[in-house]
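Here is a friendly briefing on a structure for you to keep open beside the text. Please have your viewer ready.

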Amino acid sequence: MNKVFNINLGSYPFTIDEDAYNHLRSYLETIHNHFRQTEGYEEITHDIEARLAELFLEQLGNRPIVNFQDVEDAIATMGRPEEFGADPMSEGTPDPSTDAGTGKDKFKLKTGKRLYRDPEEGMIGGVAAGLAAYFGIPDPIWVRFFFVVITISGGIGIPLYLILWALMPAAKTAGDRLAMRGEPINISNISKIVTEEFEHLSEKMTELGEELSGKKKARLKMGMRTRALRSGSLL
Amino acid sequence: MMSEEQIKSLHATGQQLRRGVLELVVLSAIAAEEEIYPSTIQQKLKDTPLEVKEGTLYPLLTRLKNSELLQYTWRESTGGPPRKYFSITDNGREFLDGLLDTWNQLVTAVHQNTQNHLNNE
């Protein structure tokens, strides 16, 4: 008996087994990290995910569940970032997990902090949590306190919050979360984030389980990122 | 005998040369058809020294599309997500002609300047 996940890839729903899910997720992480700094990042990754969905559908036929081999085959067709690079004008960010040994400049791997909303740590839209991470404030409560103060004293707190909410992108992927905190993106950091995500996931699962107690099967959405799912992107 | 370092360097330089002509070849492949799906471009290049993974094509196509050298239309597909079919624009054709001129000049110049080496062997 194996656990399966329900995912949304290229706006198509798939049922995928656990091994295949982990494989696909780490592959997509390398893809997103590779193209993050490339112009047209959203469109490129969207096209790649749509093509992967198409490859899965072709391979599945009448089978209901995407397995590890399906993911392997799709990756073989699409290729890994170290196999791209044939387009000099739009080279992506070197990926530390795959570019080792190709002689690329290692210093590029350090990323500066970027301002993201953090919906997972947030109370409303994650704006305060994102600002706290960006400015290195240990607890978002102080940022929230600041918003409360400027709301009471001048009334601009709420409009300011709403504007920031609209402007700041949500940290969707593990790479985003690292960039938000300003940590360099490397294998050990990614695995740290992934571990945290799984803990987060299991918390959510417990909550969900309590809510759904009585129902036999809790539906597990990939990464519990409803926002990402709505936008049709897996990561 | 070349050292391992030199063999690596040969490989890397070869890679650079291929990179340089990929854009030319992809544009030509698209210009040859009314419209084309990216995996068909990959199929055309398969089993040639210019073989690429599909993942190489998406950033290139997006960039050429954003530079208005290519355009795409959405086509419904049987049992899959809608597909983007690419075609070349008028500007794209002009661009491709310019690239081909450069390429032909390069081939001639390279040919002339490597003849001596070939004759001496």
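Reading from the N terminus, chain A has the element order β-β-α-α-β-α-α-α-α-α-α-α, where helices (H or I, at least four residues) and strands (E, at least two) are DSSP runs, numbered from the N terminus. This is a predicted model, in which local features need pLDDT of at least 70 and side-chain atom pairs count only at pLDDT 80 or more, while totals for chains, interfaces and linings use all residues; side-chain values use heavy atoms, with hydrogens and water left out. Residues are numbered from 1 along each chain as its sequence is written, and chains are lettered from A and ligands numbered from 1 in the order in which they are written.

**Chain A as a whole**

- Chain A holds nine helices and three strands.
- Of the 235 residues in chain A, 46% are buried; buried means under 20% relative accessible area, exposed over 50%, and partly exposed in between (1.4 Å probe, protein chains only).
- Take the contacts in chain A between residues at least 6 apart in sequence: 58% of them join residues at least 24 apart. Contact here means heavy atoms within 4.5 Å.

**Where chain B meets chain A**

- On the chain B side 23 residues are in contact with 28 residues of chain A.
- About 2200 Å² is buried between chain B and chain A, and carbon and sulfur atoms give 52% of that area. Buried area is the accessible area (1.4 Å probe) that two parts lose on being put together, summed over both.
- Helix 1 (4-31), helix 3 (54-66) and strand 2 of chain B are the elements that give two or more residues to the side of chain B that touches chain A.
- Helix 3 of chain B gives the largest share of that side, 10 residues.
- By type, the residues on the side of chain B that touches chain A are eight nonpolar, eight polar and seven charged. Ala, Val, Leu, Ile, Met, Phe, Trp, Tyr, Cys and Pro count as nonpolar, Asp, Glu, Lys and Arg as charged, and the others, Gly among them, as polar.

- Over all chains the structure holds 10 salt bridges, each a side-chain nitrogen of Lys or Arg within 4 Å of a carboxyl oxygen of Asp or Glu. Between chain B and chain A the count is five.
- One salt bridge pairs the side chains of K84(B) and E43(A) at 2.9 Å, N to O. K84(B) sits in strand 2 (residues 83-88) of chain B and E43(A) in helix 2 (residues 41-60) of chain A, so this pair joins two chains.
- Is K84(B) buried or exposed? K84(B) is buried, with a relative accessible area of 7%.
- The side chain of K84(B) also makes a polar contact of 2.8 Å with the side chain of D47(A).
- A network of salt bridges links E43(A), D47(A), K65(B) and K84(B).
- Leaving aside neighbours within four places in sequence, K84(B) is in contact with E43(A), D47(A), I36(B), Y37(B), P38(B), Y72(B), T73(B) and W74(B).

**E54(A) and its two partners**

- Within chain A, the side chains of R51(A) and E54(A) form a salt bridge (2.6 Å, N to O).
- R51(A) and E54(A) are both in helix 2 of chain A, three residues apart, about one turn of the helix.
- E54(A) forms another salt bridge with R83(B), with the closest N and O atoms 2.5 Å apart. This pair crosses between chains, from helix 2 of chain A to strand 2 of chain B.
- R51(A) and E54(A) are buried, and R83(B) is buried too.

**H32(A)**

- H32(A) lies in helix 1 (residues 18-35) of chain A.
- H32(A) is buried, with a relative accessible area of 2%.
- The side chains of H32(A) and E49(A) are joined by a polar contact of 2.8 Å.

Notes:
Polar contact = N/O pair within 3.5 Å; in protein donor to acceptor, adjacent residues only side chain to side chain.
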